[in-house]
Amino acid sequence: MLVIDPILPVVCVNDNYLKLKAGYLFPEIARRVQLFTQANPQADLIRLGIGDVTEPLPEACRVAMKVAIDEMGTEAGFRGYGPEQGYSWLREVIAKNDFQARGCDVSPEEIFVSDGSKCDSTNILDILGDQNRIAVTDPVYPVYVDSNVMAGHTGDASESGQYQGLVYLPISAANDFVAQLPSKPVDLIYLCFPNNPTGAVATFDQLSRWVEYAKEKKALILFDAAYEAFIQDESLPHSIYEIDGARDCAIELRSFSKNAGFTGTRCAFTVIPKTLTGRSLDDRQINIWDLWNRRQSTKFNGVSYIVQRGAEAIYSLEGKSQIRNLVDFYMENASIIRTNLSDSGLTVYGGENAPYVWIKTPEGISSWSFFDFLLNKANVVGTPGSGFGASGEGYFRLSAFNSRDNVELAMKRIRAL
Ligand SMILES: *Cc1c(COP(=O)(O)O)cnc(C)c1O
């Protein structure tokens with residue numbers, strides 16, 4: 001017989017949450033920074049650690065949102081609940097500009113507007129089964145891993161922080177930071193290009209190999225393209241749908257957070273091709289678009305009309321030029337970081353088609369030692385590579401999201417070391 005301790009609550013919690021390695025990376029950075037500032041209250045810290053943008057919202061977006069607010073204040077222009085999938089005028093400009101203009105066969109109906117890629121990348125697990133074998137890269141954007149832990153798709157974490165049941169695909173300089181195809185079978189694969197944290201981008205050939213693999217194994221690729229706007233090299237694919245066959249095996253996540261500074265405004269979208277199918281437990285072929293549409297209609301009430309008007313303005317002539325300027329500004333920061341660090345004798349990766357520079361720490365120096373070194377000697381805060389996974393050990397991430405003055409000052413201090 002089950003005996004319930006009278007002092008314990010009866011309601012059960014999701015025990016999967018107890019497996020999480022208590023958000024080790026950013027709290028630990030905060031702790032070390034706090035200790036440092038307590039001991040050095042006069043120090044002028046420069047934070048090149050976080051993946052948040054710093055430049056203000058583009059004017060085109062602000063103007064469009066102000067107009068939308070005024071519309072909402074009129075009898076005729078007021079809007080209540082919008083379509084859960086997003087307004088068709090926004091889905092149309094997205095399909096046309098981001099996909100059809102690149103030769104990708106993506107229709108407006110295949111675009112689902114949302115309030116963020118972070119939520120989309122985790123919500124998608126709602127419509128996928130618990131039996132899937134899941135592959136993530138190492139290092140990785142931690143959200144992909146933690147959301148699977150929360151959903152009960154893993155066992156416990158090992159000493160090194162790797163969860164039982166996940167297939168980790170190491171990425172390093174040895175494979176140009178593009179994972180090799182898995183040697184054991186997997187059903188669901190998370191890929192992020194341009195990559196956070198390494199700043200790497202897969203070439204057509206590399207991405208084609210992944211699409212071929214997924215099609216052959218009938219696996220699904222979750223392709224996170226949150227940083228596609230930062231690609232400078234014309235030969236690199238921006239969307240996985242530039243690869244033949246991707247409509248049969250890939251979902252793509254896009255966000256306005258990084259290209260248009262929407263991290264605090266919140267708007268993103270997910271592409272679910274109507275041709276995409278999965279398998280039910282009783283071996284029927286199930287349309288994934290139908291499931292996601294059902295999921296969104298039930299659990300989501302759409303993005304604010306005002307914000308969607310702001311997002312639409314990104315695709316206007318002024319909007320396009322303003323976001324180009326934003327991206328150029330951050331990429332110039334990235335280039336300043338790359339040049340200065342290379343000149344200081346460090347080996348650097350990324351930063352050419354992504355706002356992140358991925359630095360090899362000097363021989364024999366761990367990611368965390370390098371963090372302490374830069375914090376203490378240059379008062380610059382970065383992110384230890386090992387925080388993104390065991391294979392990130394020996395690497396360090398600097399972000400290009402900061403003011404020009406801060407970037408230049410940080411580089412001056414590092415060069416002086
Ligand atoms: C910043 C970022 C996103 C965007 O998330 P939002 O929720 O849309 O702000 C998605 N993926 C990665 C890897 C990111 O770094």
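Is Cys 192 buried or exposed? Keep that residue in mind while we walk through this predicted model, beginning with the cysteines and then moving on to the ligand.

Cys 192 turns out to be buried, with a relative accessible area of 5%. Its nearest partner by sulfur is Cys 119, and the two sulfur atoms are 15 Å apart, too far for a bond. Cys 249 is buried as well, at a relative accessible area of 1%. Here the closest cysteine sulfur belongs to Cys 104, and because it is 13 Å away, a bond is again ruled out. For comparison, a disulfide calls for two cysteine sulfur atoms within 2.5 Å. Searching the whole structure for such pairs gives zero disulfides.

Now let's turn to the ligand. The space it takes is the largest pocket. Around the ligand you will find 14 residues, and those that come nearest are Asp 224, Tyr 227, Ser 255, Ser 257 and Lys 258.

Asp 224 places a polar side-chain atom 2.7 Å from a nitrogen atom of the ligand. Tyr 227 has a polar side-chain atom 2.6 Å from a ligand oxygen atom. At Ser 255, an N or O atom of the side chain is 2.7 Å from an oxygen atom of the ligand.

Notes:
Residues are numbered from 1 along each chain as its sequence is written. This is a predicted model: local features need pLDDT of at least 70, side-chain atom pairs count only at pLDDT 80 or more; totals for chains, interfaces and linings use all residues. Side-chain values use heavy atoms; hydrogens and water are left out. A residue is near a molecule or strand if one of its heavy atoms lies within 4 Å of it. A polar contact is a pair of N or O atoms within 3.5 Å; within protein, one must be able to donate a hydrogen and the other to accept it, and residues adjacent in sequence count only if both atoms are side-chain atoms. On a 1 Å grid over the protein atoms alone, a cavity is a set of points where a 1.4 Å probe fits but cannot get out, and a pocket is an open set with protein on both sides within 12 Å along at least five of seven lines; lining residues have an atom within 4 Å of a point. A molecule sits in a cavity or pocket if more than half of its atoms lie within 2 Å of its grid points. Buried means under 20% relative accessible area, exposed over 50%, partly exposed in between (1.4 Å probe, protein chains only).
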